[in-house]
Amino acid sequence: MVRWLRRSLPWLPFALVAFGPALYLICRTCFPEGGEFSLSAYAPIFGGDAMAAARRSTLWNSLLLAGSIVAAALAVGVPFGFLVARTDLRLRRFYESLAIVPLLLPPYLSGIAWVQIHPMRGLPAIVFILAGALWPVAALLSARAFRDIGADVEDAARLALGERRALARVTLPLARGGIAAGALLVFVFALSDFVVPDFFSFSVQNETTFQVFATEIYGAFLRQRDPIGAAAFAVPLVAIAGVALALLARSAAKRSVASLCGSHVAPRPFQLGRGAIAGHLFAVALLGTTIGVPLGVLGGMATKSAPSVPTAPVVSTPASPTSAGVPAPSLGSFDYSVYRQRSPVKAALETYVPAALHSLRDAVVGVLLMLLLAWGPARALARSASGSAAAHAVVLLPLAFPSLLLGMAHEQLFLADAGLADRIYRGWGLVSLTFASRFLPLAVVGLAASWRRIAPEIEEATELAPISGARRLLSLRLPLLLPALLAVGTLGFGLMMREFDAIVLLPGAQEMLTHRIYNLVHQARDAVVGALSWLQVASVLVPWLALRLLLPAARR
């Protein structure tokens with residue numbers, strides 16, 4: 001019993017932060033208003049009336065959207081991963097280093113940019129923007145899978161079948177585990193996305209809007225003031241994503257075991273020959289579409305001259321009802337006097353620098369909390385017997401909770417009329433806690449991969465060393481894990497800076513830069529939005545660039 005408690009101790013903080021708030025709110029759906037057990041909260045979804053049927057149709061839209069994004073991400077991500085990992089293409093390391101950038105760019109900023117180029121709306125626009133943001137997941141996991149193929153197996157296939165047939169019949173099948181892992185992760189992230197579908201789910205000339213289930217969650221919570229109903233709407237998404245993550249956990253455990261067995265010789269690169277030109281064109285077109293065009297358009301917006309009169313809002317004011325008869329959510333206030341300045345960009349930056357500082361503070365604290373909570377579970381996962389699928393499932397399943405559900409759960413958990421809970425509810429600390437909860441599973445997986453590279457004999461030797469625990473941590477373990485801590489922390493920081501769904505409902509996030517940009521783009525299209533977008537982009541990419549310079553070995 002004592003041994004079991006000691007083994008479970010590292011997982012308790014992880015379980016409380018990653019599972020606790022969301023499960024608390026989901027459990028409340030089965031006991032409405034604190035009464036007896038009841039499933040009445042799920043009647044609006046699974047009932048027999050027309051409204052329930054319409055909601056099930058919206059759930060199907062979410063599945064359709066996620067499947068379309070997976071198909072698009074794999075269509076470009078797998079070839080890109082193969083080019084940078086297994087060919088002799090020049091500049092492939094440079095292309096691979098840029099592949100993470102679309103994942104770190106807030107997708108709604110890409111949407112803002114592309115709308116300036118061409119009017120976009122509905123399902124095609126959402127698939128284009130989200131696939132452009134998520135294809136790096138498929139690309140990087142595919143590249144890793146292609147590199148993990150042993151040279152002996154592939155060389156034998158080349159001798160027997162030739163290069164092209166070996167690629168089709170041996171290389172691609174051996175990499176299918178990494179490709180499938182990328183597809184499952186893209187599916188989970190796309191299934192519950194809210195901000196991009198919300199941005200593009202509008203219609204003109206009485207067309208039907210394309211709604212997803214995340215908008216049902218948002219509407220039930222914010223407009224109908226029904227947290228129980230909103231949490232019930234989130235449960236089908238949790239169940240679907242949970243199945244996908246369980247499959248991912250099973251395959252991840254097998255891959256981690258296989259990587260520790262035997263020796264590995266890097267396979268020989270495939271010779272592209274004349275196809276190198278097509279490879280360069282493909283990589284440049286993909287990176288230009290998802291990085292160059294958005295950044296260029298946002299930069300162009302930032303250099304626009306100020307209009308002579310204030311720009312009219314492009315959406316209805318909060319006082320005006322929407323077409324559905326429900327008041328629109330408050331978008332905040334905007335001081336149009338910045339447009340009357342000789343340099344509106346400078347005036348806007350001076351006005352909203354505090355919002356950028358708030359965002360940096362919340363993300364930094366969120367990263368520190370995330371790394372602190374991930375340390376124990378990562379070590380336990382790495383040292384667990386054969387890296388079992390059950391342990392991987394425990395780590396990955398919190399990703400099944402939609403970001404909106406996490407935000408609602410933290411909001412409801414600390415909601416109070418007065419006292420300490422109310423100060424936490426309205427403060428910035430709740431934002432950092434929500435950030436840490438959202439990305440904690442990714443931190444545990446990343447740190448666990450580095451723990452596995454440390455031989456158990458080294459750890460056993462450090463345990464026997466006649467030094468204090470603090471010195472053992474600072475002198476032995478931290479130096480070995482410092483590159484991984486920096487990499488995971490930088491990635492977490494970038495993801496937190498771009499995250500919007502998880503904090504859109506938190507009062508403490510109202511002064512952050514993401515909120516400011518999202519509010520302003522609904523009211524004006526001008527240099528201010530472009531300038532603040534570039535400020536947001538710089539705050540995400542500068543730490544990543546610094547990491548690349550500090551850890552050049554990560555390029556290999």
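The model is predicted, so local features need pLDDT of at least 70 and side-chain atom pairs count only at pLDDT 80 or more, while totals for chains, interfaces and linings use all residues. Residues are numbered from 1 along each chain as its sequence is written, and side-chain values use heavy atoms, with hydrogens and water left out.

**Figure 1. The protein chain as a whole.** The secondary structure comes to 25 helices and zero strands. Helices (H or I, at least four residues) and strands (E, at least two) are DSSP runs, numbered from the N terminus. Of the 556 residues, 50% count as buried; buried means under 20% relative accessible area, exposed over 50%, and partly exposed in between (1.4 Å probe, protein chains only). The accessible surface of the chain is about 25900 Å², and 65% of this belongs to carbon and sulfur atoms. Accessible areas come from the Shrake-Rupley method with a 1.4 Å probe; for residues, only the protein chains shown count as cover.

**Figure 2. Helices α8 and α24.** Helix α8 covers residues 107-117 and helix α24 covers residues 513-521. Their axes are 11 Å apart and the packing angle is about 25 degrees. Axes are lines fitted to C-alpha atoms, for helices over the stretch in contact, and angles run from 0 to 180 degrees between N-to-C directions. On the α8 side, Tyr 108, Leu 109 and Ile 112 meet Thr 514, Ile 517 and Val 521 of α24. Five of the residues of this contact are nonpolar, one is polar and none is charged. Ala, Val, Leu, Ile, Met, Phe, Trp, Tyr, Cys and Pro count as nonpolar, Asp, Glu, Lys and Arg as charged, and the others, Gly among them, as polar. Helix α24 is largely enclosed by the rest of the structure, because nine of its nine residues are buried.

**Figure 3. Thr 171 in helix α11.** Thr 171 lies in helix α11, residues 163-174. Thr 171 is buried, at a relative accessible area of 0%. Apart from neighbours within four places in sequence, its contacts (heavy atoms within 4.5 Å) include Arg 86, Phe 146, Glu 154 and Phe 270.

**Figure 4. Gly 219 in helix α14.** Gly 219 belongs to helix α14, residues 213-223. Its relative accessibility is 11%, so Gly 219 counts as buried. Gly 219 and Ala 230 are 11 residues apart in sequence, and their C-alpha atoms are 7.8 Å apart in space.
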